[in-house]
Amino acid sequence: HFFAFAFLVLLVYSPSFCRIYCLLHFGFFPPVRSPTFGCAICGMQPASAAGPTAAPDLLAFFNIVGKLKKTLRTGWTVHAIADVETVAEHMYRMALMAMFCSDPSLNREKLIKMCLVHDLAESIVGDITPSQAVNEAAGVPHLTEEQKLAREEEAMATIGETLRGNPHAHELVELLHEFNEGVTPEARYCKDLDKLEMVVQASEYEAAYPGVDLTKFFTSTAGVFQHSTNRAVDALLRQ
């Protein structure tokens, strides 16, 4: 529910989602549709015919976003945890963590958007962990970190191309690219939050499941936090 609303705000005037709609409902991308008669596969009309709000386009995109509510965070699935969080749940708490960032040197609005977008590509490629580099369910051979990022950016580019008539579409792709590069202050802070939310979740799981050892999630993030606020929260979790 939260993600559908968040992306509605970002994409009030959406272009055609014909390609994504066909991918979801028919399993393949249609050929470039006719600007006059619409898609020969799904029958979706051009944006000009659908109107400025393009309700079918918005609904198709919300279906894409909704997949994140069912996509489990793969890193937890190998442990005896019954209520494994989804990607949407992870991104939701990250966005709220960003909302309470009090550092005046950071663009808080941009930071919140980046938290909402940084894992959006997983609606297509699945949750790719550092250890496996691909979603096992997809049956794809092991990938390098560079190949993993390339797959995610390609997925975002597909979404961006489908949204190319929307003034905010390019922003989705650019925010992911900025996050992956990790150069800007907002990208570095977002990467901090990505790891910090994971540590918070690991702490909650260890409290809920005393027999589960999640030490690796703490050791892999020891000393990595760049911002003082996030270091302070991390220190509390490790006491």
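Trainee: Before we start, what should I know about the model and its numbering?
Mentor: Residues are numbered from 1 along each chain as its sequence is written, and side-chain values use heavy atoms, with hydrogens and water left out. The model is predicted, so local features need pLDDT of at least 70 and side-chain atom pairs count only at pLDDT 80 or more, while totals for chains, interfaces and linings use all residues.

Trainee: How many helices and strands does the protein have?
Mentor: Helices (H or I, at least four residues) and strands (E, at least two) are DSSP runs, numbered from the N terminus. Along the sequence the pattern reads α-α-α-α-α-α-α-α-α-α-α-α-α. The tally is 13 helices and 0 strands.

Trainee: What percentage of the residues of the protein count as buried?
Mentor: Buried means under 20% relative accessible area, exposed over 50%, and partly exposed in between, with a 1.4 Å probe and protein chains only. The protein has 239 residues, and the buried share is 45%.

Trainee: At what angle do helix α6 and helix α7 pack?
Mentor: Helix α6 covers residues 87-99 and helix α7 covers residues 108-117, with their axes 8 Å apart. Axes are lines fitted to C-alpha atoms, for helices over the stretch in contact, and angles run from 0 to 180 degrees between N-to-C directions. The angle here is about 170°.

Trainee: Why is α6 called roughly antiparallel to α7?
Mentor: Angles under 35 degrees count as roughly parallel, over 145 as roughly antiparallel, 65 to 115 as roughly perpendicular and the rest as oblique. The two helices pack at about 170°, and that makes α6 and α7 roughly antiparallel.

Trainee: Is Glu122 buried or exposed?
Mentor: Glu122 lies in helix α8, residues 122-125. Leaving aside neighbours within four places in sequence, its contacts include Leu68, Thr71 and Glu152. At 5% relative accessibility, Glu122 counts as buried.

Trainee: How many salt bridges does the structure hold?
Mentor: A salt bridge is a side-chain nitrogen of Lys or Arg within 4 Å of a carboxyl oxygen of Asp or Glu. One of them joins Arg73 and Glu85 at 3.2 Å, N to O. The total is 8.

Trainee: Where are Arg73 and Glu85 in the chain?
Mentor: Both residues are buried, and they sit 12 residues apart, linking distant parts of the chain. Arg73 is in the loop between α4 (55-66) and α5 (74-77), and Glu85 is in the loop between α5 and α6.

Trainee: Which residue forms a salt bridge with Lys113?
Mentor: The closest N and O atoms of the pair are 3.4 Å apart. The partner is exposed at 53% relative accessibility, and its name is Glu109.

Trainee: Is Lys148 buried or exposed?
Mentor: Lys148 meets Glu152 in a salt bridge of 3.2 Å, N to O. Glu152 counts as buried at 5% relative accessibility. Lys148 has a relative accessible area of 10%, so this residue is buried.

Technical notes:
Contact = heavy atoms within 4.5 Å.
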